[in-house]
Protein chains: 2
Amino acid sequence: MTRVFAYDSTLRDGAQAQGISFSVEDKIKIVQRLDELGVSYIEAGNPGSNPKDMEFFRRVADLKLNNAKIIAFGSTRKVKVAVEQDKNVQSLLDAATPAVAIFGKSWDYQVTDILRTTLDENLKMIGDTISFLKRHGKEVVFDAEHFFDGYKANPDYALQTLKAAADAGADTLCLCDTNGGTFPSDVYTITEKAVQQFKVQIGIHCHNDSEMAVANSVAAVQAGARQVQGTINGIGERCGNANLCSIIPNLQLKLGLKCIPDENMNKLTSVARYVSEIANTTYNEKAAYVGNDAFSHKGGMHIDAVSKNPVSYEHINPEVVGNSRHILVSEVAGRSALLAKIRQVDPSLNKDSAEIKHILDHLKDLEHEGYQFETAESSFQLMVRKLLGKHRPFFDLHEYEVNIHEPSANGINSSVLIKISVDGQEEVTAAEGDGPVNALDKAVRKALERFYPAIGEIKLTDYKVRVLDSDKASAAKVRVLIESRDQHESWTTIGVSTDIVDASWRALIDSIEYKLVRDEERQFLAV
Amino acid sequence: MTRVFAYDSTLRDGAQAQGISFSVEDKIKIVQRLDELGVSYIEAGNPGSNPKDMEFFRRVADLKLNNAKIIAFGSTRKVKVAVEQDKNVQSLLDAATPAVAIFGKSWDYQVTDILRTTLDENLKMIGDTISFLKRHGKEVVFDAEHFFDGYKANPDYALQTLKAAADAGADTLCLCDTNGGTFPSDVYTITEKAVQQFKVQIGIHCHNDSEMAVANSVAAVQAGARQVQGTINGIGERCGNANLCSIIPNLQLKLGLKCIPDENMNKLTSVARYVSEIANTTYNEKAAYVGNDAFSHKGGMHIDAVSKNPVSYEHINPEVVGNSRHILVSEVAGRSALLAKIRQVDPSLNKDSAEIKHILDHLKDLEHEGYQFETAESSFQLMVRKLLGKHRPFFDLHEYEVNIHEPSANGINSSVLIKISVDGQEEVTAAEGDGPVNALDKAVRKALERFYPAIGEIKLTDYKVRVLDSDKASAAKVRVLIESRDQHESWTTIGVSTDIVDASWRALIDSIEYKLVRDEERQFLAV
């Protein structure tokens, strides 16, 4: 089976993205997960430009990695500086990695107008730096920056830069679409030229500025490239880098090439979520292969066809990449889809059980009121538990009273008084907040945390509101969706009311109850 | 210049996405913006499966469109049903659109295993339906569902389905990669076959399950397809549809094909934002071409090179698509576009006026706070009027106090006390409502109607809320958009605050003030 080397640059080029910043600890954890996934190279930092990276390279040297080589990244020597005297090149040696990547210019105009040196000096910068690194025993990847734009402007010179690198002993010549503007058809043709001309392995490094980075990477591999660079979830500056979470399954599952060990392919989704969590970015639930929506089915006809045969609307089996099929709960979903969800709560039920009819009738009423459980599966589960008599309420609300006053002194314009009880023990408390929902959230947590300290682990991560019957103006019903997260998982709950505060309250309470139910389940499983 | 017909399915296939639901009013507004952008076709609904869509088709018939034809979407007649008796086909006629699209099976296994009929009956279903629609004078697009998977399994049969459609008079044969699993190289080869074999125009419809929908659409056009289907921002079920916001500039700016009028290309970014706001989805700031990050430069070296020559790290000039370069942390977009808007308030201003700088600085502050005037042009106009000293406040708010109590007797859980003055005349009043926003709305109208009876003409028609910094949980800032209407027009205003009631209040007040300003203008014009 033809081998293609997966080269991850999440920790280097990915970290260039707006709003991304990894600590040394973050980087160590991501290296371990990437190694478990089975990528071949991890480009993990630029020791010359970032002093924090040197500490990382010291620490990463102690890790025992099974699949991946760590790469330190830097540039060719500076113009008219002896390579032995170049500090950045020296720092590449100091990083003490088995392999290094250096980038150099391959677009003539960039040499003359940005570097402001001669075309010949640039070739020497490439050659000198690589020879030096090879003399020090490094495996060397040469990143030919702007290669495709350079090739279109001056193909001879672009190829000369590759030749300078190859002659100096580079192990891989990586063709970079630095601006992300190249088309797959051109990537294919130009990569094929490089593959034909050089015996050295060719690599590909793409950016997503034309929304074609994945296709460009695939096209280069089809033309003979054997090292493919990218990042997890495609993070990277501007529109991002080529997304390894799509490239790896595309190459391995569709073209039969080998990027990572087959038995690790089902780790892909969890690695994608893990990196997103560490990077603190919003996970793209619509992502190919690894998003929650990637195998979600909504239309009744599609659901019917998928239950007859999944290949109807699924290009791969979701389990292969560690994802799963989601049949969405909604008006259009057929009975059989709902039954599957209800049986998650009580596996003893079947389609003829009286309880099922009872639940479906209730669901119909709720949907008529404006509830929509398509995304709020946690509220759906709670509703089913309640109707099946399997739910023990964690607390009783006696009353709450919200007071908002404008103008306010310091933004804290709202106060809430709340009265609840847990197993007969009453608790009256109050809280202030930036607005009524915040005050209510604080008050209910304050009242309940005494009884259920785990509530402190809940983070509210998203909050959506939709007006349902907009012709009723400000008296319209609103639907609130709240997304919450703890250290284990993320879940979504729903509330519908004519009062936005009350709708938020309902979603909030479902979120808290769901957390407590799940904690009980986890405790039970752990016993 | 070779023409490629842009075919938008945001309102039909896009609306299949999880969590997306467009009202009739939403759809009408999006149609107008798409027509202004200059797409050739707008596939706007499925009249057979959704009764709400029929109302839309009645209303859209009254719009005067300059570029786009409206398309009603449906399927071929049912198995063994005479086409004249098929209700869904009949509903396509009832929609009274100039053009229709129907989908039919082109994968043999789907015919025998999902439809459970003969291969021959499927060909008749395609032929009968298209002949019938052609007899009724419709332009017909045939969507060959699963065409690429079908072609790989049984090329002869897949081509026979196209032939049945062509023989019956279809105007376009659209090849669908329904499961999104096909590669650009295969899309190219297979599309080329279809182009060679049929005189009829070939179309392409891709899904993004392999993160290659844009590249697949481009490859099909390179092979000769001349109708390209997709959605704004790539919204759609699972991983989404092919993204027209990337396809259109890729084809037009890079391949020199004509999809939309050149002079409209700079509307692309604002249309993308507009649709995202209406759909109430999180905007992808990393989107190619139209995202805020697409031309953002962070790395110092990149910034330096970009300031020497933008082509260093930009594949196109961002202004061409109505986007802009972000070097520093400046969020202000499109100066020239803004200037035009400001000059609507004061035509005497030009780009060098001190007032313009003042407004832009203020705008930057507001955008930093979370304001976004893309859809809320009425609030923008009010802000400009205020900064130019052209706004006379219609009233002063002294204070309001909101009280919410749960449990409530009859849903009326909120009361508001409000104190305002108009020209020194004070008014204190109170109102109750289903929730605080409703009570506040009623109270402020009650207080002001004595002075400005025209306020009674305002109807609030939509209300949207978006959380801006979701990591701050319930203390997060929220952005409220309120859409209002009177007998003359409809307008949208915005409010941002950590308090959802306060944000709603701000948007509400802007709505009332805008109404009063416009009434004055109308009175002035009528004199």
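Just after H15(A), Gly389(A) takes a positive phi of about 70 degrees. Helices (H or I, at least four residues) and strands (E, at least two) are DSSP runs, numbered from the N terminus. Helix H15 of chain A spans residues 377-387, and its buried residues include Phe380(A), Leu382(A), Met383(A) and Arg385(A). Buried means under 20% relative accessible area, exposed over 50%, partly exposed in between (1.4 Å probe, protein chains only).

This is a predicted model: local features need pLDDT of at least 70, side-chain atom pairs count only at pLDDT 80 or more, and totals for chains, interfaces and linings use all residues. Side-chain values use heavy atoms, without hydrogens and water, residues are numbered from 1 along each chain as its sequence is written, and chains are lettered from A and ligands numbered from 1 in the order in which they are written.

**Confidence.** pLDDT is the predictor's confidence in each residue, from 0 to 100. Chain A has a mean pLDDT of 90, with 94% of its residues at 70 or more. For the complex, the predictor gives an ipTM of 0.75 and a pTM of 0.75.

**Domains.** The bounds below come from an automatic or database domain assignment.

| Domain of chain A | Residues |
|---|---|
| Domain 1 | 5-279 |
| Domain 2 | 296-387 |
| Domain 3 | 396-526 |

The C-alpha centres of domain 1 and domain 2 of chain A lie 44 Å apart. Their contact takes seven residues from domain 1 and seven residues from domain 2. Contact means heavy atoms within 4.5 Å.

**Asn243(A).** This residue is found in the loop between strand E8 (227-230) and helix H10 (244-254) of chain A. Asn243(A) is buried, at 7% relative accessible area. Beyond residues up to four places away in sequence, Asn243(A) touches Val214(A), Thr231(A), Ile232(A), Asn233(A), Gly234(A) and Glu211(B).

**Cores.** A nonpolar core is a set of buried Ala, Val, Leu, Ile, Met, Phe, Trp, Tyr and Cys residues joined through side-chain atoms within 4.5 Å. The largest has 195 residues; Phe142, Phe147 and Leu162 of chains A and B touch the most other members. Apart from it lies another core, of 84 residues, among them Ile418(A) and Tyr514(B).

**Sheet.** Six strands form an open sheet in the order E16(A)-E15(A)-E14(A)-E12(B)-E13(B)-E14(B), with antiparallel pairing. Two strands pair if DSSP finds at least two bridges between them. Its edge strands are E16 (490-497) of chain A and E14 (490-497) of chain B. Eight bridges join E15(A) to E16(A). Glu483(A) has Thr492(A) in E16(A) as its bridge partner.
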